[in-house]
Amino acid sequence: AYRQLQQEKPDDFNVHGELGNLYYMQRKGKEAAAAYYQAATLLAARGYSSDAMRLMQIIQRLDPELGIKLQQELFAGGSSGTATPSNPESIPSDSP
């Protein structure tokens with residue numbers, strides 16, 4: 001159902017995040033990271049950089065390469081938007 005929603009609403013970060021949660025609960029780390037990555041880039045593009053940063057830490061644990069890619073985009077204001085981390089030290093390290 002979430003995959004269908006993901007196709008129907010590709011710009012809805014909530015759908016991508018929930019799909020990531022499902023993959024995470026199923027212990028499908030790479031798939032979860034990919035879904036969280038989509039959510040994070042959408043969040044950053046809408047100005048929710050602190051939420052994107054929280055997801056970045058989770059992504060880095062699940063798929064380090066994808067986490068690095070997201071980190072570079074967030075800090076450089078890359079294709080994912082103009083997000084700038086406000087206070088990276090305050091990002092919680094707990095899982096979703």
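**Charged pairs and the core**

Mentor: Arg 54 forms a salt bridge with Asp 51, with the closest N and O atoms 2.8 Å apart. A salt bridge here is a side-chain nitrogen of Lys or Arg within 4 Å of a carboxyl oxygen of Asp or Glu.

Trainee: Which caveats apply to the model?

Mentor: This is a predicted model, in which local features need pLDDT of at least 70 and side-chain atom pairs count only at pLDDT 80 or more, while totals for chains, interfaces and linings use all residues. Residues are numbered from 1 along each chain as its sequence is written, and side-chain values use heavy atoms, with hydrogens and water left out.

Trainee: How are Arg 54 and Asp 51 placed in helix 4?

Mentor: They are three residues apart in that helix, so about one helical turn separates Arg 54 and Asp 51. Helices (H or I, at least four residues) and strands (E, at least two) are DSSP runs, numbered from the N terminus.

Trainee: How many salt bridges does a search of the whole structure find?

Mentor: The search finds two. In the other pair, Asp 63 bridges to Lys 30, and the closest N and O atoms are 3.5 Å apart. Asp 63 lies in the loop between helix 4 (49-62) and helix 5 (64-76), and Lys 30 in helix 3 (residues 29-45), so this pair ties together parts that are 33 residues apart in sequence.

Trainee: Is Asp 63 buried or exposed?

Mentor: Asp 63 is buried, at 12% relative accessible area, whereas Lys 30 is exposed, at 52%. Buried means under 20% relative accessible area, exposed over 50%, and partly exposed in between (1.4 Å probe, protein chains only). Arg 54 is partly exposed at 36%, and Asp 51 is partly exposed at 31%.

Trainee: Changing topic, which residues touch the most other members of the largest nonpolar core?

Mentor: Among the 20 residues of that core, they are Tyr 36, Ala 40, Ala 52, Leu 55, Ile 59, Leu 70 and Leu 74. Such a core is a set of buried Ala, Val, Leu, Ile, Met, Phe, Trp, Tyr and Cys residues joined through side-chain atoms within 4.5 Å.

Trainee: Which helix gives the most to this core?

Mentor: Helix 3 does, with nine residues.

Trainee: And where is Gly 20?

Mentor: Gly 20 sits in helix 2 and is buried, with a relative accessible area of 0%. Leaving aside residues up to four places away in sequence, Gly 20 touches Ala 32, Ala 35 and Tyr 36, where contact means heavy atoms within 4.5 Å.
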